[in-house]
Amino acid sequence: MTNPAVPTNQIRSTPPAAPTTPTVREAVDALRDDIRSRGNSWSEDTVDLLIHGDWDSQVTGIATAWMATAETVERAHAVGCKLLISHEPTFWNHLDRPSPDDALFWRKRELLDAFDMTVWRFHDHHHVGFDIDPVFHVLLDRLGWVDPDVPSMGVRRIAPAPLREVAEHIAVALDEPAVRVIGDPDRVIRSFAFGVHDLASCLPYVSSTDLVLIGETTEWDAFEYFRDGQLLGLSPALIEISHRALENWGSLALPEWVSTVLTDVPVVGIDVPAPFSVVRAAD
Ligand SMILES: [Fe+2]
Ligand SMILES: [Fe+2]
């Protein structure tokens with residue numbers, strides 16, 4: 001209520017607060033606090049760490065990406081971001097600990113330094129920090145196979161189609177030049193499950209689904225298990241996609257969440273393209 005003793009022409013409205021620019025430390029703390037506020041713990045035994053840069057850098061813009069490739073770093077810089085949130089490693093192994101004898105390690109550090117880029121890894125808690133794993137949910141959404149009654153890692157029914165058509169659909173939907181298929185291309189597929197990265201993760205589903213979809217698996221166990229399964233009639237078909245095809249989409253959608261936590265900072269998702277082309281053997 002206005003104080004009647006003060007003439008209205010002397011009342012000054014409070015100017016809107018200027019947007020605050022957080023430091024990297026403040027931004028990461030806010031994201032971590034939001035995950036905790038959802039009832040999820042933050043493990044200290046994690047790869048979700050500062051990979052490169054400075055906790056005290058000012059965050060004027062944030063880029064999110066599946067992987068901090070050199071191209072991703074350049075694109076983040078081009079759109080004015082100095083904090084890159086990367087799901088996967090920057091330095092090519094899970095713990096981001098390359099050999100100091102590797103010249104490419106130093107070249108990439110120089111690239112990051114040239115752009116004053118800080119990289120923070122968001123992997124473990126990206127998968128477990130929410131009610132459902134958003135990485136696989138967004139992937140399912142892209143494939144058009146979300147079923148609210150089935151958990152991300154369960155067996156789900158899909159419209160019946162030959163394996164060949166299912167494979168083509170996956171390649172197109174995930175913007176990949178190719179996928180690899182083990183199984184009769186004419187076999188009709190009515191259900192599928194995720195196998196993530198290895199044979200062990202496939203085994204719970206082999207007696208209950210027509211197809212297992214896996215990303216970047218070990219060929220000598222998973223591929224050969226499914227090949228033997230085709231001959232012996234015990235296993236479903238297998239479609240292998242790249243690691244990027246499996247997880248690019250979760251990081252591309254991450255700005256939706258980050259923006260709700262860090263409302264004063266522009267956030268952009270960067271699409272990481274497939275890392276390979278396909279050369280077919282001559283007929
Ligand atoms: Fe992941
Ligand atoms: Fe991954």
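Biologist: Take contacts in the protein between residues at least 6 apart in sequence. What share of them joins residues at least 24 apart?
Modeller: The share is 67%. Keep in mind that this is a predicted model.

Biologist: How many helices and strands does the protein have, and what box do its C-alpha atoms fill?
Modeller: There are 10 helices and 10 strands. The C-alpha atoms fill a box of roughly 90 × 55 × 35 Å, taken along the principal axes.

Biologist: Which domains does the domain assignment give?
Modeller: It gives two entries. Domain 1 covers 24–122 + 254–270, and domain 2 covers 136–245. Their C-alpha centres lie 31 Å apart.

Biologist: Start with the sheet that holds β1. What is its strand order?
Modeller: The order is β1-β4-β3-β2-β10. These five strands form an open sheet with mixed pairing. The twist averages 30° from one strand to the next.

Biologist: What makes β1 and β10 edge strands?
Modeller: Look at their partners. β1 (50–52) and β10 (267–270) each pair on one side only.

Biologist: How do you know that β1 and β4 pair?
Modeller: Strands need at least two bridges to count as paired. β1 and β4 (residues 118–121) have two bridges, so they pair. Their sense is antiparallel. Leu-50 stands opposite Trp-120 in β4.

Biologist: Now the sheet that holds β5. What is the strand order there?
Modeller: The order is β5-β7-β8-β9-β6. This open sheet has five strands, and the pairing is mixed.

Biologist: Why is one side of β5 and of β6 left without a neighbour in the sheet?
Modeller: β5 and β6 (180–182) stand at the edges, and each has a single partner strand, so one side of each has no neighbour there. In this sheet the twist averages 30° from one strand to the next.

Biologist: How do you know that β7 and β8 pair?
Modeller: The cut-off is at least two bridges. Strand β7 (residues 188–196) and strand β8 (residues 211–215) have four, so they pair. They run in the parallel sense. Val-196 stands opposite Ile-214 in β8.

Biologist: Which strands does helix α6 lie across?
Modeller: Helix α6 (residues 163–173) lies across β5, β6, β7, β8 and β9 (237–241). It runs at about 115° to β5.

Biologist: Which residues is Ile-158 in contact with, leaving aside neighbours within four places in sequence?
Modeller: They are Trp-145, Ile-189, Arg-190, Ser-191 and Phe-192.

Biologist: What percentage of the protein is buried?
Modeller: Buried residues make up 32% of the 283 residues.

Biologist: Which residues touch the most other members of the largest nonpolar core?
Modeller: That core has 30 residues. Leu-211, Val-212, Leu-213, Ala-237, Leu-238, Ile-239 and Ile-241 touch the most other members. Among the contacts of Leu-213 are Phe-192, Phe-194 and Gly-195. A second, separate core has 29 residues, including Ile-62, Ala-63, Cys-81 and Ile-270.

Note on methods: Residues are numbered from 1 along each chain as its sequence is written. Chains are lettered from A and ligands numbered from 1 in the order in which they are written. This is a predicted model: local features need pLDDT of at least 70, side-chain atom pairs count only at pLDDT 80 or more; totals for chains, interfaces and linings use all residues. Axes are lines fitted to C-alpha atoms, for helices over the stretch in contact, and angles run from 0 to 180 degrees between N-to-C directions. Domain bounds come from an automatic or database domain assignment. Two residues are in contact if their C-beta atoms, placed from the backbone, lie within 7 Å. A residue is buried if 20 or more other C-beta atoms lie within 10 Å of its own, exposed if 12 or fewer, and partly exposed in between; C-beta atoms are placed from the backbone. A nonpolar core is a set of buried Ala, Val, Leu, Ile, Met, Phe, Trp, Tyr and Cys residues joined through C-beta atoms within 7 Å.
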